[in-house]
Amino acid sequence: MIDRVSTASAYNAVLANLMQAEVAETNAGNQLSSTEQATDLQGYGGNSEQLMALQGTTTQVTGFLNNSQTVSAQLATQDTALSEVASAATSASQAVTNALSERNGTSLMSSLQDALGGAVDGLNTTFNGQYLFSGGQVNTPAVSATNLSDLTSAPSIGSLFNNDQRVASAQLDANTNISTGFLASDVGTPLLTALQSIEAFNQGPNGPLTGTLTSVQVTFLTSQVASLSTVQTNLNDVVAQNGQAQTEVTNVQNSLTSQQTMLQGLVGNITDANLAQASTNLQQAQLSIQAAGQVFQALNASSLLNSLSVTPALT
């Protein structure tokens, strides 16, 4: 009876060791394959609340960072578009200056038509399928004019703009919200007004502005040079404002990237497995399983011998 009890106890002890070794083997294997200490929060014990807080903050920071990348791309597109409008003003000013220096307006109006086309193209720029300078009317082109004659036939310059007054803004991080949008009417009205004045003169009794310029035409165009110069300066200021927004976004992106790196490090301090230790644990667990198997075989052999030793001899 004592031998049978001892054998049963030994079996139970070996079985417990075997199960413990198998769990250790599984855990070590999971750590090596996932590089993480556990597969769920429960596996992190007392660190689970801290881990949840860090992961929540990391998710928020990553969301802001992803959004800032979209804002950055939008501002880059706006920079190109606004620069195109500013370039159109420069071209218009240069065309008038050239006509005055040559006292000839042969190519003046065609050059101004090209300038209008460039300005309208810039103001009707889209980003991700939406018109950038239309305010909230993102599915509607910001400017309707296509020809210089449209500027004089329209009821007003304002009627040629289709934007509303909604100016886009962006939340860059928990504490930073900046204005990122520009309205076509704010950007383009001065230039279109200047072009309208020249087109109206061209259509009037002192026009057309072709061939050799008259003294009246020279006087008029001279007065327009200053107006176009002001328009050009103001548009360059708008381009600069967009550039300031780009700089602010870049600064916030750098800060968010640093925060993300720090948070990922803190999370890793909790979740990252010690791969060298996990490899050692796996080897130890496998040895323990092998040892348990050998002990089982020994116990089986011992139990068989005991049974044979107490079996009555046959007569």
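Reader: Do I read α5 and α6 as roughly parallel or roughly antiparallel to each other, and which of the two is it?
Author: Keep in mind that this is a predicted model, where local features need pLDDT of at least 70, side-chain atom pairs count only at pLDDT 80 or more, and totals for chains, interfaces and linings use all residues. The helices α5 and α6 (residues 215-271) pack at an angle of about 170 degrees with their axes 9 Å apart; axes are lines fitted to C-alpha atoms, for helices over the stretch in contact, and angles run from 0 to 180 degrees between N-to-C directions. Angles under 35 degrees count as roughly parallel, over 145 as roughly antiparallel, 65 to 115 as roughly perpendicular and the rest as oblique. So the relation of α5 to α6 is roughly antiparallel.

Reader: Which residue is joined to Gly 207 by a cis peptide bond?
Author: Look at the loop between α5 and α6, where Pro 208 is placed. With omega at about -5 degrees, the bond from Gly 207 is cis, and its partner is Pro 208.

Reader: How are α3 and α5 oriented, roughly parallel or roughly antiparallel?
Author: Helix α3 spans residues 108-123 and helix α5 spans residues 184-203. They pack at about 160 degrees, with 11 Å between their axes. That angle makes α3, relative to α5, roughly antiparallel.

Reader: And how many charged residues are in the contact of α3 with α5?
Author: From α3 come Met 109, Leu 112, Leu 116, Ala 119 and Leu 123. Their partners in α5 include Val 187, Leu 191, Leu 195, Glu 199 and Asn 202. The contact has 11 nonpolar residues and two polar, and the number of charged residues is one.

Reader: How far apart are the axes of α2 and α3?
Author: These helices pack at an angle of about 170 degrees, which makes α2 roughly antiparallel to α3. The distance between their axes is 7 Å.

Reader: How many polar residues does the contact of α2 with α3 have?
Author: Ala 81, Glu 84, Val 85, Ala 88, Ala 92, Ala 95, Val 96 and Ala 99 are the α2 residues. In α3 they meet residues including Leu 108, Ser 111, Gly 118, Asp 121 and Gly 122. By class, 12 residues are nonpolar and two charged, and the polar ones number three.

Reader: Where is Arg 103 placed?
Author: Residues are numbered from 1 along each chain as its sequence is written, and side-chain values use heavy atoms, with hydrogens and water left out. Arg 103 has a phi near 50 degrees, a positive value in a residue other than glycine. Helices here are DSSP runs (H or I, at least four residues), as are strands (E, at least two), numbered from the N terminus. Arg 103 is in the loop between α2 and α3.

Methods: Contact = heavy atoms within 4.5 Å. Nonpolar A, V, L, I, M, F, W, Y, C, P; charged D, E, K, R; others polar.
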